[in-house]
Amino acid sequence: MAYEDIKLKSETGRCLLCHNASCSANCPNNIPVADIIRSVRFENKSGAAEKLGKECKCENCNAPCKEACNRGKIDKPIDIPEIMKVVSEDKGHESGRIDLSVDFCGVHFENPFLLSSSVVGSNYEMVAKAFEMGWAGVAFKTIGLFTPNEVSPRFAALEKEENPLIGFKNIEQTSDHSIEENIDFLKRLKKDYPSKIIVASIMGQTEEEWTELAALMEQAGADIIECNFSCPQMVGEGLGSDVGTNLELVRKYTAATRKGTKLPILAKMTPNITKMEEPAAAAMEAGADGLAAINTIKSIMNVNPQNLASAPSVVGKSSIGGYSGKSVKPIALRFIHDMKKDPRTAKAPISGMGGIETWKDAMEFIALGCGTVQVTTAVMQYGYRIIDDMIDGLSTYLASKGYASVDELIGAALDNVIDPGALDRSTIEFPKFDRDACVKCGRCYLSCYDGGHQAIEINPETGAPTLIPSKCVGCQLCTLVCPARAIKPSEVRISKERLKER
């Protein structure tokens, strides 16, 4: 029954994802309870089942794990026994694993997952911990020849219902460490983790600075140089996204960077533009070896109704900053698609980012043409540990689909996104109602009447929804709003001409 999956998603979504979780510590059978819940939360249900084992030891247990659950201090504990029961019934973990190594811009990565250039990779200790946990590389926080004076606070979040962070805003700038400190970080990281990949993100203010920074990063042991043409909240003209929207500056600074290094160069693109493929093509023409996209989106998070201040509020004032998180993923995927479809950039290796939280998100970027992926906001929320389910989930997925390598997935979905004029407009796909699963809430009726085509009516005696085929246009809005997942697209498409004949 779909209700089990709904409850599983709901309950794991309520989990606080504690550090040193008391649920695991109080399990008498030494089951990694917290790890299992986290795997389910991050769309790796088969991995959760493997952690639990073929025989669930939770039957006839008085569930001290549930009693110890910290969520109970807020409202009620997570229903851990029910989660374990549903997970134990999953058989998908028998599909196997594949090697996730990739070659990107001539550099070998043990897997496609990198920390993106941000606070999550900004000193030796942080990056070393991430490397130990399985991340293949880091795009180190952007290094310049200047040290910015940062504000406090500098972060804000967009909430929706029970989700405290669906979008994230920052007004942080480049690395607040000196150039000498950053060079020392890179040298130590390369010495201690020679097989891990260091992408040195740089930002200069003149051509000479871009050249100098590129040379310094190569000397420090970097494997790839990433030109930050895209940070949206830099103080001063000719920096960050001011560069990425100016084709002349993109060409000039890419060429200047190439003058300073023989390493592969990635041009990091700004989404604060209509056609990203234009500056991307300019960067490739000027000597870049690949692209990185997307950086954060210029945003104003909110206006506080009490004091009319916007967040993050710095003594009652704020500024336009960079928006990131899960909610920007559709925008990022669109830009990736556009660059891979443009003949000038179609063959350019792309390191994709923007809203990646799970292996499934990463898979989508890869399927649209990315060779590696980068993550920041999800790490800021949940920690480096999410790499476990990213690696496990992607490897299991690829094996289950018969892929032998990540390379086989790269760009595989591109042909399925076509011009709107080429879409099939001759048939209709009606919704299909599952009467047993329907809870008669009427959400489908409300949405269809107020936001659709008035194609659903409610039976006054039973309260059940009924489709009016003559009014239905097959938009499938009802399938999206149904909280019980009791409405699905039908498996048959019907010709519009045939419907007219009826």
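Helix α11 passes helix α12 in a right-handed crossing, a crossing being right-handed if the near helix is turned clockwise from the far one by less than a right angle and left-handed if anticlockwise. The model described here is predicted, so that local features need pLDDT of at least 70 and side-chain atom pairs count only at pLDDT 80 or more, whereas totals for chains, interfaces and linings use all residues. Residues are numbered from 1 along each chain as its sequence is written, and side-chain values use heavy atoms, with hydrogens and water left out. Helices (H or I, at least four residues) and strands (E, at least two) are DSSP runs, numbered from the N terminus.

Two packed helices are described by the angle between their axes and the distance between the axes. For α11 (residues 247-260) and α12 (residues 277-285), the packing angle is about 30° and the axes lie 8 Å apart; axes are lines fitted to C-alpha atoms, for helices over the stretch in contact, and angles run from 0 to 180 degrees between N-to-C directions. The helices α11 and α12 are therefore roughly parallel to each other, given that angles under 35 degrees count as roughly parallel, over 145 as roughly antiparallel, 65 to 115 as roughly perpendicular and the rest as oblique. On the α11 side, Leu247, Val250, Arg251 and Thr254 meet Glu278, Pro279, Ala282, Ala283 and Glu285 of α12, contact meaning heavy atoms within 4.5 Å. By class, this contact of α11 with α12 has five nonpolar, one polar and three charged residues, where Ala, Val, Leu, Ile, Met, Phe, Trp, Tyr, Cys and Pro count as nonpolar, Asp, Glu, Lys and Arg as charged, and the others, Gly among them, as polar.

Within α12, the residues Glu277, Pro279, Ala280, Ala281, Ala282 and Ala283 are buried (buried meaning under 20% relative accessible area, exposed over 50% and partly exposed in between, with a 1.4 Å probe and protein chains only). The buried residues of α12 pack against α10 (241-244), α11, β9 (265-268), β10 (290-293) and α13 (329-341), and just after α12, glycine 287 takes a positive phi of about 125°. In helix α4 (residues 45-52), the buried residues are Ser46, Gly47, Ala48, Ala49 and Leu52, and these pack against α3 (33-41), α6 (80-88) and α16 (387-400). Glycine 53, which follows α4, likewise has a positive phi, near 95°.

A further helix pair is formed by α8 (residues 179-192) and α9 (residues 207-220), whose axes come within 8 Å and cross at roughly 35°. Ile179, Ile183, Leu186 and Lys187 of α8 meet Leu213, Leu216, Met217, Gln219 and Ala220 of α9, and the residues of this contact divide into seven nonpolar, one polar and one charged.

Most residues other than glycine have a negative phi, and most peptide bonds are trans. A cis peptide bond, with omega about 5°, joins alanine 293 and isoleucine 294, the latter being located in the loop between β10 and β11. The peptide bond from alanine 311 to proline 312 is also cis, with omega near -10°.

Proline 312 is placed in the loop between β11 and β12, and serine 310 is found in the loop between β11 (297-299) and β12 (321-324). Serine 310 is buried, with a relative accessible area of 15%, and its side chain reaches the backbone oxygen of asparagine 302 at 2.7 Å. Apart from neighbours within four places in sequence, serine 310 is in contact with Ile300, Met301, Asn302 and Ser318.

Arginine 493, by contrast, is found in strand β18 (residues 487-495) and is partly exposed, with a relative accessible area of 42%. The side chain of arginine 493 makes a polar contact with the side chain of threonine 427 at 2.7 Å; a polar contact is a pair of N or O atoms within 3.5 Å, of which, within protein, one must be able to donate a hydrogen and the other to accept it, and residues adjacent in sequence count only if both atoms are side-chain atoms. When residues up to four places away in sequence are not counted, arginine 493 touches Asp424, Thr427, Ile428 and Glu429.
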